[in-house]
Amino acid sequence: MAVITLRNSQKPKILSWVLIYWRILLFITLTNKRRRDKMATIIQKGTLVTASETLRADLKIDNGKISMISDQIKEENEDIIIDATNKYVFPGLIDPHTHLGIEGTLDDFESGTKAAASGGVTTVINFTDPNNSQTFLEDLAEWREKAKSSIIDYGFHSIINKCNSAVLEEIYKLPDEGVTSIKLFMAYKENMVNDEELYLLMKAAKQAGVVTNIHAENGRVIDQLIDEALNNNNTDPINHACTRPPGLEAEAVARALRIAEVTEAPTYIVHISSEEAMEEFIRAKERGVQAFGETCPQYLVLNENYLKKDAKEAVKYICSPPLRTLKDQKILWNNINSEMISTIGSDHASHPYLNGKENGIDNFTKAPNGLPGIESTLLLLYHYGVYEGRITLPKLVEITSRNPASIFGLHPRKGCLKVGSDGDVVIFDPSKSTVISKETQKQGTEYNIYEGMELQGSIDYVLSRGEIIVKENEVVGTSGRGKYLFRNKFNEFSDEGGQ
Ligand SMILES: [Zn+2]
């Protein structure tokens with residue numbers, strides 16, 4: 001700190017002194033900035049967890065990238081030091097399935113990515129929402145604009161809800177815009193594509209180096225079941241599950257993957273929820289279909305009994321596919337370990353309770369589908385997965401970071417702890433615990449579907465490209481610091497495996 005004392009009686013020269021003083025201040029400010037830019041962050045004495053191993057090591061981040069991993073890294077004066085003794089150091093999570101910024105929901109990209117960051121997520125791949133008055137490339141441009149307030153890095157999957165020659169042309173152009181995945185729906189009238197369209201779109205996606213995400217439920221039969229339920233006055237929330245039986249999820253998985261087999265398109269089935277769907281998925285994988293399976297924390301942790309609660313409470317849990325049985329839960333966990341389920345997506349959709357979910361109390365079809373949960377994935381998977389002995393620590397990293405990065409063209413920039421990768425890191429304290437509550441959550445909803453759960457583990461720090469964005473439950477990253485990610489085409493990366 002420089003201190004300049006102006007000595008009395010030199011009034012005529014006061015102006016030049018002020019000028020000198022101002023120049024010194026400017027010099028100090030610029031030097032400090034240069035120093036800050038050069039400053040590295042060193043995470044010391046932590047247990048690094050990768051998709052293949054756990055190791056005790058220090059990790060250094062320089063200019064936003066991991067620059068060194070070693071037994072002991074020497075600190076220099078200016079470095080920021082984080083002591084991670086007895087803590088785990090995970091790569092930041094990649095949530096490949098989010099619906100931030102959807103009209104009528106409570107989380108835009110700022111609040112939604114703040115919530116995500118507080119839960120250890122450092123990258124989201126969000127879905128666009130088709131606006132039928134514009135092209136899919138125009139949709140994408142609009143969504144990129146919306147996402148500029150993000151505090152973490154982000155990319156998009158383009159939802160495609162129709163098929164014609166102009167649309168097929170557009171699919172070839174998506175990779176130039178950084179989008180290397182599309183999503184097709186086999187349910188929901190407004191977005192559903194038929195089998196011919198599935199075939200044509202998947203074929204184009206394959207040729208364009210684009211992964212096809214599929215919402216697999218037989219929407220046409222489900223719509224019949226819904227009509228029958230309403231005609232019979234079966235309107236309670238549990239009827240949401242009754243009208244979307246697992247067999248109709250399984251049928252759509254089987255059909256989608258048979259078409260994938262013919263087109264050889266890499267195909268990613270989102271939110272697998274049931275044993276029946278899993279069976280069809282496994283059958284296709286065993287035939288050699290290039291299929292990837294995703295499930296969500298809600299299918300691993302919650303079950304259909306939540307839909308049998310009092311209607312006022314049960315409506316909060318309406319999502320598609322619906323919550324299933326305890327047996328389905330067990331099968332999903334087993335299939336994480338047998339490598340059939342590759343990734344976990346939150347499927348975050350922050351529908352409000354007031355003027356939203358509550359509309360379904362007397363008629364389940366009036367409740368918007370989807371659950372909020374972007375900030376709970378790591379805590380839930382650590383507690384119910386690692387702490388309760390269902391999965392190992394490396395498996396946790398594999399399904400939440402490593403695999404989504406590989407499948408969606410972000411590896412090795414994201415999803416691993418490697419020299420040269422982005423400094424996206426979570427420092428996790430397994431000795432503390434966290435109680436989930438709407439009072440402390442960061443997401444915008446008036447409720448939390450995991451309310452009151454006491455989970456082992458706590459998130460101490462989250463770093464995005466080396467910058468601390470979460471510190472002891474406080475989100476300190478600023479809106480707009482997140483970057484748009486241009487993702488590689490499918491399989492266009494040098495996969496060295498391991499970490
Ligand atoms: Zn979704």
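Analyst: A pocket is an open set of points on a 1 Å grid over the protein atoms alone, where a 1.4 Å probe fits and protein lies on both sides within 12 Å along at least five of seven lines; points are joined across faces, edges and corners, and the volume is the space filled by probe spheres set on them. This is a predicted model, in which local features need pLDDT of at least 70 and side-chain atom pairs count only at pLDDT 80 or more, while totals for chains, interfaces and linings use all residues. Residues are numbered from 1 along each chain as its sequence is written, and side-chain values use heavy atoms, without hydrogens or water.

User: How much space lies in the largest pocket?

Analyst: Happy to start there. The largest pocket has 35 lining residues (an atom within 4 Å of a point). Among these, Y188, E190, H351, P368 and N369 lie nearest its centre. The space inside comes to about 940 Å³.

User: Which element gives the largest share of the lining of the largest pocket?

Analyst: Helices (H or I, at least four residues) and strands (E, at least two) are DSSP runs numbered from the N terminus. Strand β9 (181-185) and helix α6 (219-231) each supply at least two lining residues. The largest share, 5 residues, comes from α6.

User: How many residues of the lining of the largest pocket are charged?

Analyst: Charged means Asp, Glu, Lys and Arg; Ala, Val, Leu, Ile, Met, Phe, Trp, Tyr, Cys and Pro are nonpolar, and the others, Gly among them, are polar. The lining has 12 nonpolar and 14 polar residues. The number of charged ones is 9.

User: What is the volume of the second largest pocket, and which residues are closest to its centre?

Analyst: The second largest pocket has about 300 Å³. Strands β14 (425-435) and β15 (454-464) each give at least two residues to its lining, which holds 4 nonpolar, 10 polar and 2 charged residues. Of its 16 lining residues, the closest to the centre are E375, L379, T434, T440 and N473.

User: Which protein donors does the zinc ion have?

Analyst: Donors are N, O and S atoms within 2.8 Å of the metal (3.2 Å for Na, K and Ca), and with no water among the atoms a site may look incomplete. Along the chain, the zinc donors follow the spacing H-x1-H-x247-D. Lying 2.1 to 2.2 Å from the zinc ion, they are H97 (NE2), H99 (NE2) and D347 (OD).

User: How many residues apart in sequence are the parts that H97 and D347 tie together?

Analyst: H97 is buried (under 20% relative accessible area, with a 1.4 Å probe and protein chains only; exposed is over 50%, partly exposed in between). Its value is 0%, and D347 is also buried, at 11%. H97 sits in strand β6 (residues 93-98) and D347 in the loop between β13 (341-344) and α13 (377-387), so the parts they join are separated in sequence by 250 residues.

User: What is the angle between the planes of F90 and F428?

Analyst: The whole structure holds 16 aromatic pairs, meaning rings of Phe, Tyr and Trp (its six-membered ring) with centres within 6.5 Å; planes under 30 degrees apart are stacked, over 60 edge-to-face, the rest tilted. F90 and F428 are both buried. F90 is in strand β5 (residues 88-91) and F428 in β14, so the pair ties together parts 338 residues apart in sequence. This pair is tilted, with centres 5.5 Å apart and planes at 55 degrees.
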